[in-house]
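These are my notes from going through one model.

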Amino acid sequence: EGTKLAENHCGSEHDFNLVLDSTRNVWYDPKDINSLQKLPLQMIKMFEILIQQISSLFEYPHDKVKVFYQHGLIIAFNRRGELHFNLRWFEQNHSEESDQTKIFSWWFVIFAHEIAHNVEPLHNKLHEWTEETILQSKLPQLIRFCTWIGADR
């Protein structure tokens with residue numbers, strides 16, 4: 001029962017009834033189709049690239065990382081090792097942000113949080129410790145990457 005509660009908090013057991021928009025390569029909630037179709041393809045691609053770059057830093061399989069679009073409170077979720085990241089959060093909070101390191105760092109932490117659910121589905125001390133351990137082990141890669149993108153300006 002406790003596991004189900006934590007999974008609902010992260011969205012993994014929520015019944016999204018997501019549908020794939022193969023043109024945009026984005027899973028979406030059918031009630032959000034109009035909003036998704038209004039998004040510029042460039043923004044969608046930018047988010048996909050961001051998530052794939054972070055996936056590479058974590059050495060996480062790219063085929064296990066998905067983008068979805070849904071209005072609501074869920075930023076990301078982990079369903080049986082498949083990580084899903086909400087484009088809507090990127091659109092609302094980062095699409096016009098000019099500081100690329102700020103954007104990258106924010107999603108980097110979200111990514112680590114979702115990976116930690118591969119070890120512990122609950123939000124508890126073990127999950128927190130796992131997330132911190134993952135972040136500590138990958139922080140040097142994040143710093144190198146942010147230095148590289150900062151030098152690219």
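I looked up Trp-107 and found it buried, at a relative accessible area of 0%; buried means under 20%, exposed over 50% and partly exposed in between, with a 1.4 Å probe and protein chains only. The model is predicted: local features need pLDDT of at least 70, side-chain atom pairs count only at pLDDT 80 or more, and totals for chains, interfaces and linings use all residues. Residues are numbered from 1 along each chain as its sequence is written, and side-chain values use heavy atoms, with hydrogens and water left out.

I listed contacts of Trp-107 (heavy atoms within 4.5 Å). Leaving aside residues up to four places away in sequence, Trp-107 touches Phe-47, Phe-85, Trp-89 and Phe-90, among others.

I then checked Trp-106, which is partly exposed at 31% relative accessibility. Rings of Phe, Tyr and Trp (its six-membered ring) pair if their centres lie within 6.5 Å; planes under 30 degrees apart are stacked, over 60 edge-to-face, the rest tilted. I noted eleven aromatic pairs in the structure. Trp-106 and Trp-107 make an edge-to-face pair, because their ring centres are 4.9 Å apart and their planes stand at 75 degrees. Both belong to one aromatic cluster, whose members include Phe-58, Tyr-60 and Phe-111.

Next I took the nonpolar core, a set of buried Ala, Val, Leu, Ile, Met, Phe, Trp, Tyr and Cys residues joined through side-chain atoms within 4.5 Å. The largest one has 35 residues, and Trp-107 is among those with the most contacts inside it. Helix α5 gives the largest share, nine residues.

I turned to salt bridges (a side-chain nitrogen of Lys or Arg within 4 Å of a carboxyl oxygen of Asp or Glu) and counted four. Lys-45 bridges to Glu-48 with the closest N and O atoms 2.9 Å apart. The two are about one helical turn from each other, because they sit three residues apart in helix α3. Lys-45 is partly exposed at 48%, whereas Glu-48 is buried at 11%.

Lys-138 bridges to Glu-59 at 3.6 Å between the closest N and O atoms. This pair links distant parts of the chain, 79 residues apart: Lys-138 lies in helix α6 and Glu-59 in the loop between α3 and β3. I found Lys-138 buried at 13% and Glu-59 exposed at 65%.

Notes:
Helix = DSSP H or I, 4+ residues; strand = E, 2+ residues; numbered from the N terminus.
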